[in-house]
Amino acid sequence: ATEATGQFIVNPEHTADWIALFEKISPVPEAILFFAEGCSWSPQQLLSRLCALTQALIKTKSETVRVLFCYGNDAGNATFSALDAFFKSIASEKPAYKFQAIGIDSAATEPSLPVVLATELAQESAHHHVRYIDGKRHVPRLSLVDMAVVDMAVVDKQNADQEWRASPAGF
């Protein structure tokens, strides 16, 4: 990490850069915002960068931290399904680390980004993945299925397309 006029330049794929940054701004902030809107990172680059950040947090012995990863809802679902799995793995190994992916409509004007971030930071139990669609907060929900009356081919298709529903805390 290099510093120039109060700004830090970090190569997000280098754990050492994250560690140097955290040492300069010690203690590590309670919340870290990571934006990917409009970027052209591949899924591998994205996961590599988040992995480097996670390794730095572990090596600097950060106790609790929230990482809010914001992206445009028009991004590919496969990438963010991988992120969701990564965030769940982190939560099981480091429960004090709260990683969350937040999808925001690129064209939406309401709610504004500051309102979205304030809403998510205020949530006691953050979902690993939240999407704002048409201004409303949505979280993934599982649906119960009566296996006695369902064709398994249909169930497999339904499971492939995760269902999103508006959350009670929505706008």
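**Group meeting: a walk through a predicted chain**

Residues are numbered from 1 along each chain as its sequence is written, and side-chain values use heavy atoms, with hydrogens and water left out.

How confident is the predictor? pLDDT is its confidence in each residue, from 0 to 100; the chain's mean is 75, and 70% of its residues reach 70 or more. Confidence is highest in helix α1 (residues 15-24), at a mean of 87, and lowest in helix α5 (residues 152-160), at 53.

Now the layout. The chain has five helices and eight strands, in the order β-β-α-β-α-β-α-β-α-β-β-α-β from the N terminus. Both kinds are DSSP runs numbered from the N terminus: helices are H or I with at least four residues, strands are E with at least two.

Back to Leu 33, which sits in strand β3 (residues 31-35). Leu 33 counts as partly exposed because its relative accessibility is 40%: buried is under 20% relative accessible area, exposed is over 50%, and partly exposed is in between (1.4 Å probe, protein chains only). Of the 171 residues in the chain, 34% are buried.

Next, helix α2 (residues 43-59). Among the buried residues of α2 are Leu 46, Leu 50, Leu 53 and Leu 57. An α-helix has 3.6 residues a turn, so residues three or four places apart point the same way.

What comes just after α2? There, Lys 61 takes a positive phi of about 55°, in the loop between α2 and β4. Lys 61 counts as exposed because its relative accessible area is 67%.

On to strand β5 (residues 97-104), where seven of the eight residues are buried. β5 runs parallel to strand β4 (residues 65-72), with eight bridges joining them, and Gly 72 stands opposite Ile 104. β5 also pairs in the parallel sense with strand β6 (residues 129-133), over four bridges; there, Ala 101 stands opposite His 129. For us, two strands pair if DSSP finds at least two bridges between them.

β6 also runs antiparallel to strand β7 (residues 136-140), through three bridges, and Arg 131 has His 138 as its bridge partner. These two strands form a hairpin with two residues between them, and Asp 134 in the turn has a positive phi of about 50°.

Last stop: Glu 120 in helix α4 (residues 113-122). Is Glu 120 buried or exposed? Glu 120 counts as buried because its relative accessibility is 0%. Glu 120 and Gln 100 are 20 residues apart in sequence, and their C-alpha atoms are 9.0 Å apart in space.

Notes. Predicted model: local features only at pLDDT ≥ 70, side-chain atom pairs only at ≥ 80, totals over all residues. pLDDT = per-residue confidence, 0-100.
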